[in-house]
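Trainee: I have a protein model open on my screen, and I would like to look closely at one part of it with you. Could you take me through that part and then link it to the rest?

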Amino acid sequence: MNKLRRIVRAGRTIAGGANILCAACCIATLASGPVLAAPQKAAAKSVSLKSAAAVKGRYFGAAIDPALLAEPSYRKLAAREFSAITPENAMKWQFVEPAEGAFNWRAADEVAAFARSNGQKLRGHNLLWEDHLPSWVANGRFTPAALKALIEDYVGVEVARYKGVVYAWDVVNEPFADDGGWRRGVLYDALGPDYIAIALRAARAADAHAKLYINEYNVERHGAKFEALYNLVVSLKHSGAPIDGVGLQSHFVAGQTPSDLPAILAKFAALGVDVTITELDLRIALPASSQSLARQAEDYRFVVDSCLSVARCVGVTTWGISDAHSWIPSFFPGYGAALLFDDGGNPKPAYAAAISAFRK
Ligand code: XIL
């Protein structure tokens, strides 16, 4: 065991002690019963995204920011409407281990506790992502062997912590550049594409039952990036690496939703993996008008229809709940109004459209 590995191990051992204590208190405070509870009876009576989706055997999910769960209206919508939860940021390596060996699980545990107490599936997002690594990893000068050991260790620790709690993991996020080449960064530069199989195998070793996904954007239409991801899934399957699903992020512009979407979902599914829409939003050039909101509603309907057209499309998740707390305005200046609920938490035309798509 080299020096780096020993340091990493030492950090993890200390954190491991804290983990056990925290896991015990989580277990004590959470409702007992299955993590993936059966659809709740109350939900079946009132109309909600989750009850509509359940009729078709799908889930309807949302990305959650645990800092907002203190707001009663946010909490209420999150519990009432959604049968799956993804932590928007809380499970990313950057937040979980901001300094080497210094783990902070508080926010991730809060999301897990919320999902569990509401009988919601929990999607783990994400284990490896070149773009938002902790700086000590991104700037670390690792040998390939040391980085491989670090990945195996980190993935093993995080997946084991949420074993039986996280239903599916985005094991690798955004492995490709928009031209279909590999996204460059410390992981790829040290290990080449092998880092993906290394992470998948480490995740499988830590939880034999969690579904293991690769999550990507701009692959929802035909083109070089789609081909690259498709070929990756083929080669992972061929080599026996554990890959269970492909997540299509689906950050779309209302009015420009790719008509290829059902075909793309079907092509991945035909490779023998589950597919799901992981980060749906449909941004609008601000200010939104009744026309643009109507266009957006049709696009939401189309995305739900696309998922329903493929048996292995297991559900749809939006990247947030209301327009008041969406990543869009800060990442795409001039755009917003991308979600199903407006700034005040009221359902938009797209909400009714999504529900009616499930109910027809
Ligand atoms: C975004 C979050 O929404 C922001 O709060 C954060 O600042 C950056 O990351 N693709 C992904 C998500 O896989 O993790 C990103 O989430 C949005 C794009």
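Is Cys307 buried or exposed?

Mentor: Happy to! Keep in mind that this is a predicted model. Cys307 counts as buried, because its relative accessibility is 1% and the cut-off for buried is under 20%. Its partner is Cys313: the two form a disulfide, with their sulfur atoms 2.1 Å apart. Cys313 is buried too, with a relative accessible area of 0%. A disulfide is a covalent bond between the sulfur atoms of two cysteines. The torsion about the S-S bond of Cys307 and Cys313 is about -105°, so this disulfide is left-handed. If you search the whole structure, you find 1 disulfide.

Now let us turn to a helix beside this region. In H12, which runs over residues 261-269, the buried residues include Leu261, Ile264, Leu265, Phe268 and Ala269. Looking down the axis of H12, you see these buried residues within an arc of 135°, so they line one face of the helix.

The peptide bond joining Leu286 and Pro287 is cis, with omega at about 0°. Another cis peptide bond joins His125 and Asn126, where omega is about -15°. Asn126 is found in strand E3, residues 121-129. As background, most residues other than glycine have a negative phi, and most peptide bonds are trans.

Backbone angles bring us to Glu174, which has a positive phi of about 50° although it is not a glycine. You will find Glu174 in the loop between strand E4 (168-173) and helix H9 (186-191). Glu174 is buried, with a relative accessible area of 8%. Ala337 also has a positive phi, near 50°. Ala337 sits in the loop between strand E10 (335-336) and helix H15 (349-359), and at 15% relative accessibility it counts as buried.

Next, look at a pair of helices. The axes of H8 (residues 144-161) and H10 (residues 194-206) come within 8 Å and cross at roughly 35°. H8 passes H10 in a right-handed crossing. On the H8 side, the contact is made by Lys148, Ile151, Glu152, Val155, Gly156, Val159 and Ala160. H10 contributes Tyr195, Ile198, Ala199, Ala202, Ala203 and Ala206.

Tyr195 of H10 is worth a click. At 1% relative accessibility, Tyr195 counts as buried. Leaving aside neighbours within four places in sequence, Tyr195 is in contact with Leu128, Glu130, Ile151, Val172, Pro175, Leu187 and Tyr188. Ile151 is 44 residues from Tyr195 along the chain, yet their C-alpha atoms are separated by 8.1 Å.

Finally, zoom out to the protein as a whole. Its secondary structure comes to 15 helices and 10 strands, and buried residues make up 56% of its 360 residues. Among contacts with a separation of 6 or more, 79% are between residues 24 or more positions apart. The accessible surface comes to about 14,700 Å², and 57% of that belongs to carbon and sulfur atoms.

Note on methods: Residues numbered from 1 in each chain as written. Predicted model: local features only at pLDDT ≥ 70, side-chain atom pairs only at ≥ 80, totals over all residues. Heavy atoms only, no water. Helix = DSSP H or I, 4+ residues; strand = E, 2+ residues; numbered from the N terminus. Buried < 20%, exposed > 50% of the residue type's maximum accessible area, 1.4 Å probe, protein only. Contact = heavy atoms within 4.5 Å. Areas by Shrake-Rupley, 256 points an atom, 1.4 Å probe, with all protein chains shown as cover. Arc of directions from axis to C-beta. Disulfide = S-S within 2.5 Å. Axes fitted to C-alpha atoms, helices over the stretch in contact; angles between N-to-C directions. Left-handed = near helix turned anticlockwise from the far one by under 90°.
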